[in-house]
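Morning, everyone. Let me put the model up and walk you through it.

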Protein chains: 2
Amino acid sequence: MSGAAPPQLALRQTVDEGLTAVEAAMRTVTASQVDVLRDASRHILGAGGKRMRPRLLLLSYLAMGGDDMSHAAKPAAAVELMHTASVVHDDINDHGVLRRGKPAVNAIWGRTFALLTGDFLFTAVYELMAPYGDLNIDLAQAATALVEGETLQASAVKNNHFNREVYGRIIALKTAALFRAAGAIGAKLAGAAQPETSALADFSFNLGLAFQIVDDILDLVADEAKLGKTSGIDIGQGRGFAVALSEGSSNGNAPPSDSLDSIKRRMLEGDTIDKARDRANLLVRSAIASLDILPHSPAKEALVELAQQVIARES
Amino acid sequence: MSGAAPPQLALRQTVDEGLTAVEAAMRTVTASQVDVLRDASRHILGAGGKRMRPRLLLLSYLAMGGDDMSHAAKPAAAVELMHTASVVHDDINDHGVLRRGKPAVNAIWGRTFALLTGDFLFTAVYELMAPYGDLNIDLAQAATALVEGETLQASAVKNNHFNREVYGRIIALKTAALFRAAGAIGAKLAGAAQPETSALADFSFNLGLAFQIVDDILDLVADEAKLGKTSGIDIGQGRGFAVALSEGSSNGNAPPSDSLDSIKRRMLEGDTIDKARDRANLLVRSAIASLDILPHSPAKEALVELAQQVIARES
């Protein structure tokens with residue numbers, strides 16, 4: 001009984017090793033001498049989260065032949081911290097009290113320190129990435145897109161102006177751009193050529209769109225305990241999503257004066273949720289098709305599996 | 001009548017050209033398709049400001065023989081945008097309504113959009129700097145220090161725990177670190193050797209400390225119209241500064257229960273302000289001494305002049 005582990009098992013071990021290094025990098029870079037920044041950062045990071053973005057970066061890196069997890073861990077940590085910074089600021093603006101099943105940073109430390117903690121997580125991204133040369137260009141563009149997406153969403157809520165097109169722009173900017181950066185950075189770190197880098201960027205972008213649609217569906221239908229965050233926090237936001245989803249579906253638009261509950265009920269009774277799920281499924285199929293040009297590898301298989309999990313997840 | 005302009009005049013033209021390029025870079029990078037981000041960014045940038053940090057970066061660059069203003073303008077713009085991002089977030093936390101003589105971003109667009117505008121200005125920093133390789137390390141460290149300094153200040157206000165040492169740490173982190181980065185980045189952009197880079201970093205750091213002390217004095221004694229921002233916004237913050245300044249001075253500590261007005265009155269009657277000015281003067285002399293190792297040049301003279309203006313300014 002000897003020999004190497006089966007390829008899929010070896011891959012899982014490598015990814016686990018990478019994710020452990022990601023956690024270590026996030027802990028190290030947030031080890032501020034300023035207590036509240038360190039404590040609040042570790043609270044939100046320690047509350048879990050799916051680590052989708054670092055996983056995507058590491059798998060893209062491995063799929064392109066990368067084999068040094070310590071080299072890829074810092075950019076993977078940066079991508080997760082970028083997401084976490086936006087989550088902390090988002091919960092201030094939405095008055096969220098629950099995040100990842102734990103109290104939100106603003107609920108424990110108040111708005112002022114939550115704002116500063118989000119800023120700190122952002123500077124941590126910058127510190128981690130500073131030695132990585134031109135990869136900063138990918139992440140900087142995604143960071144700007146993320147803030148633009150959050151702002152478009154807040155504007156759409158404020159002006160009660162949501163439709164499918166606006167919703168599409170919002171999720172492309174606030175979610176899919178960072179997914180794309182994760183895939184592209186993973187590929188580039190491994191020295192991938194342009195066509196393969198684009199393939200992984202496209203895969204990741206479409207996966208990000210699907211991920212956000214599923215997230216929004218869950219936010220409408222799941223109960224809070226399962227979701228681990230304040231659900232349907234902002235009635236305007238929930239309604240905006242509902243309006244965007246129901247456009248063109250058989251149960252029509254949600255009148256803007258409706259309560260979120262009545263919109264939810266009608267959506268659950270009609271086929272709106274099914275149609276949204278169909279869109280997410282289509283995006284995932286399109287994402288997987290982008291991977292055709294990649295050589296076969298356990299990491300490529302794992303990317304396909306990751307995409308399928310995005311559709312299947314229930315929390 | 002022919003020949004080159006006198007060196008000091010030629011320098012002033014070069015610096016003006018550089019500062020014009022800085023303004024252009026800031027406008028370009030904030031040209032978001034998202035209206036509120038573009039409008040709020042341009043509002044705060046258009047409200048003026050002394051442009052101390054970009055000026056410092058450009059003069060450091062010129063003093064080390066740099067001669068391509070278009071190369072130095074983007075990092076100089078990034079340093080100013082970093083400062084501006086922190087100002088926008090600061091005004092949210094302090095409920096500031098006036099900044100640079102105009103309404104604060106939060107006063108016009110509200111807290112949610114002000115928070116996102118600050119985030120956006122920060123991602124603009126990141127975008128501008130991304131192509132500048134290892135210079136990102138200098139700016140990233142300064143960015144983290146800035147947020148740590150703001151957080152220490154908010155903690156000290158909240159816990160009413162201010163003394164001279166805490167005050168010293170706060171201004172080193174929240175102000176002097178970014179000044180140092182400006183000097184160091186300017187020097188490195190021009191290919192300066194390590195001793196000259198350190199000299200300009202030290203000069204800039206001490207200048208930053210002096211600048212903040214003078215700023216805090218003006219915040220206590222100047223009237224709002226002259227200052228162009230909400231003065232003594234946070235009574236705890238004003239008191240903290242007063243306590244820090246008055247420690248060891250002849251009129252003793254300010255009791256924590258005093259009103260800001262009575263602290264101000266006592267400070268103006270005693271020699272506290274004079275002692276604080278003495279400290280700022282000493283820091284500026286020390287800063288100027290750091291420049292001894294630099295070759296003589298009009299830019300070096302202009303740095304000395306800039307340092308003297310920091311002491312002399314009245315708003």
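I'll begin with the rings. A search of the whole structure turns up 4 aromatic pairs over all chains. One of them is formed by Phe122(A) and Phe122(B). The ring centres are 4.4 Å apart, and the planes make an angle of 40 degrees. The pair is classed as tilted, because stacked needs planes under 30 degrees apart and edge-to-face needs over 60. Where do Phe122(A) and Phe122(B) sit? Phe122(A) is in helix α5 of chain A, residues 105-129, and Phe122(B) is in helix α5 of chain B, residues 105-129, so this pair joins two chains. Keep in mind that this is a predicted model.

Next, the symmetry. How is chain B laid on chain A? Take a turn of 180 degrees with a shift of 0.0 Å along the axis, and the RMSD comes out at 0.0 Å. The two copies are therefore related as by a two-fold rotation axis. Which residue of chain B comes closest to that axis? Gly133(B) does, with its C-alpha at 2.5 Å. Now the interface. Of the interface residues of chain B, 98% are also interface residues in chain A, so the copies meet through the same surface.

Start in chain A. Helix α3(A), residues 52-63, packs on helix α8(A), residues 194-221. The angle is about 160 degrees, and the axes are 11 Å apart. That makes α3(A) roughly antiparallel to α8(A), because the angle is over 145 degrees. The crossing of these two is right-handed. From α3(A) come Met52(A), Arg53(A), Leu56(A) and Ser60(A). They meet Leu200(A), Phe203(A), Ser204(A), Leu207(A) and Phe211(A) of α8(A). By class, the contact of α3(A) with α8(A) has 6 nonpolar, 2 polar and 1 charged residues.

Now chain B. Helix α3(B), residues 52-63, crosses helix α13(B), residues 298-312, at roughly 155 degrees. Their axes come within 8 Å. So α3(B) is roughly antiparallel to α13(B). Which hand does the crossing of α3(B) and α13(B) have? Left-handed. On the α3(B) side we have Met52(B), Arg55(B), Leu56(B), Leu59(B), Ser60(B), Leu62(B) and Ala63(B). On the α13(B) side, the partners are Ala299(B), Lys300(B), Ala302(B), Leu303(B), Leu306(B) and Val310(B). The contact of α3(B) with α13(B) divides into 10 nonpolar, 1 polar and 2 charged residues.

Staying in chain B, look at helix α4(B), residues 69-93, and helix α7(B), residues 164-189. They pack at about 170 degrees, with axes 10 Å apart. That makes α4(B) roughly antiparallel to α7(B). The α4(B) residues are His71(B), Ala72(B), Pro75(B), Val79(B), Met82(B) and His83(B). Across from them, α7(B) supplies Leu178(B), Ala182(B), Ile185(B) and Leu189(B).

Last stop, a single residue. Leu268(A) lies in helix α11(A), residues 260-269. What does Leu268(A) touch, leaving aside residues up to four places away in sequence? Val221(A) and Ile273(A).

Key
Residues numbered from 1 in each chain as written. Chains lettered and ligands numbered in written order. Predicted model: local features only at pLDDT ≥ 70, side-chain atom pairs only at ≥ 80, totals over all residues. Heavy atoms only, no water. Axes fitted to C-alpha atoms, helices over the stretch in contact; angles between N-to-C directions. Helix = DSSP H or I, 4+ residues; strand = E, 2+ residues; numbered from the N terminus. Parallel < 35°, antiparallel > 145°, perpendicular 65-115°, else oblique. Left-handed = near helix turned anticlockwise from the far one by under 90°. Contact = heavy atoms within 4.5 Å. Nonpolar A, V, L, I, M, F, W, Y, C, P; charged D, E, K, R; others polar. Least-squares fit on C-alpha atoms with pLDDT ≥ 70 in both. Phe/Tyr/Trp six-rings, centres within 6.5 Å; stacked < 30°, edge-to-face > 60°.
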